[in-house]
Every structure is written in C-alpha cells, then in structure tokens.
Amino acid sequence: MKINRVDFKVFDKNDAQVFGEIYDAFYSKIFGYAFRRVGDYDIARDIAAETFLKAYLNIHHYRFEGHSVSAWLYKIATNEINLFFRNQKYRPDLFGQLSHEVISDRELLVVFDKERQDAERDMAQFEAFNEVQNQLKKLDVKYQEVISLKYFEEKSILEISAILEKPEGTVKSLLSRGLEILRKKMS
C-alpha cells in the first residue's frame, strides 16, 4: 500500500509496515517542525521520536473525521512541544523506556550525526534567509522587485526586464544598487 501523503482515509491500523510508511513520509517534516520551534537538535529529535512512538501506540484510536494522519501527527508534536515549553526540561516518557542497545547502535549514531548537521545547516540557512528577507522589506520597492525576481524567483536579467518593462541596463543598475544597499544594511 502506497501512503497518500495528504489523505489517509483508509488503512489497516494493525499493519506495522503501513506505520513504517507513515514514519518515512512524515518524520523529516515533524522533526523539522520541532527543530524550528525549539531550536535545539537533541530536543527536536526527542520530540519527533516521542511523537511517532505515541502515534504508533495510539494508532488504534485514530479516526479520520476529516483530518489527515499528517494533521494528527502535527497535533501530537505540537502537544509535545508545548510540554517542552511548559517544563523547559523536556524528558520524553516513552522514548526513554526503549532499550539502550538500540540507541547505542553505531549506525544510528552516524544517522543522528548527519541529521544534526543537516538540521543545523538548514536552520542557519533559514535564519540567514529570514534576515535578508527582513532587510529586503526595508528597501525601496524598485530594489525589492529586482532582487526578489533575480534571486528568489531565479529570473534572468532579460526576463526581469520584460516583467518590469524596464530596459536591461536599468534592471542591472537597480540590481547593483539594491544589493549594495542590502549589503550595507546586513553588515
């Protein structure tokens, strides 16, 4: 059975393979959500693990009722995140009860290390993007347009010229001046 990522109206709740597909389809999204909310790799990993463990243990209670499994997983993760912020010393209940043999497996440590590096890189890129976005909003609209079209929409100078109905030289000039102003604001 191939998991439909948007709508899980029918699936066998007793089929561990189906839950494995749900895990594969949503783990990175739930982990990313937790990481962006709490800003700590280890805590986000614990929250994601606790989310899926609670989902697995309670899948027999899941009812579609117009919501996807995705929404259900995000709700569990949100509850775990809220628990973290209430306690500020998050200790996952169920995940901590698992055998330490599983956690100490070398292959898992390699996966966790790569996951941490990827998450930290993504978070740094997100923060840098967010800072650029905030500074870009402070520029004149004429600079916002050309910079957004060039770097966010990946349009060529020729395409930007056609979109804005400005000569290519003007687009290049606006882009150059806008980037210079943005660099000064960022330093």
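Reply: The accessible surface of the protein comes to about 12,200 Å², and carbon and sulfur atoms account for 51% of that area. The model is a predicted one. Of the 187 residues in the protein, 34% are buried. The protein has eight helices and zero strands, so the pattern read along the sequence is α-α-α-α-α-α-α-α. Take the contacts between residues at least 6 apart in sequence: 60% of them join residues at least 24 apart.

The part to look at is helix α6, which covers residues 141-152. Some of its residues are hidden: Tyr143, Val146, Ile147 and Leu149 in α6 are buried. These four cover an arc of only 165° around the axis, which means that they lie on the same side of α6. An α-helix has 3.6 residues a turn, so residues three or four places apart point the same way.

Tyr151 also lies in α6, but Tyr151 is partly exposed, with a relative accessible area of 43%. Residues qualify for a surface patch with over 30% relative accessible area and no salt bridge, so the 43% of Tyr151 is above that cut-off. Tyr151 forms a nonpolar patch on the surface together with Phe129 and Phe152. The accessible area of these three residues together is about 290 Å².

Follow the chain past the end of the helix. Just after α6, Glu154 takes a positive phi of about 55°.

Methods
Residues are numbered from 1 along each chain as its sequence is written. This is a predicted model: local features need pLDDT of at least 70, side-chain atom pairs count only at pLDDT 80 or more; totals for chains, interfaces and linings use all residues. Side-chain values use heavy atoms; hydrogens and water are left out. Patches are made of residues with over 30% relative accessible area and no salt bridge: like charges are joined within 9 Å, nonpolar side chains (Val, Leu, Ile, Met, Phe, Trp, Tyr) within 5 Å. Accessible areas come from the Shrake-Rupley method with a 1.4 Å probe; for residues, only the protein chains shown count as cover. A salt bridge is a side-chain nitrogen of Lys or Arg within 4 Å of a carboxyl oxygen of Asp or Glu. Helices (H or I, at least four residues) and strands (E, at least two) are DSSP runs, numbered from the N terminus. Buried means under 20% relative accessible area, exposed over 50%, partly exposed in between (1.4 Å probe, protein chains only). The arc is that of the directions from the helix axis to the C-beta atoms. Contact means heavy atoms within 4.5 Å.
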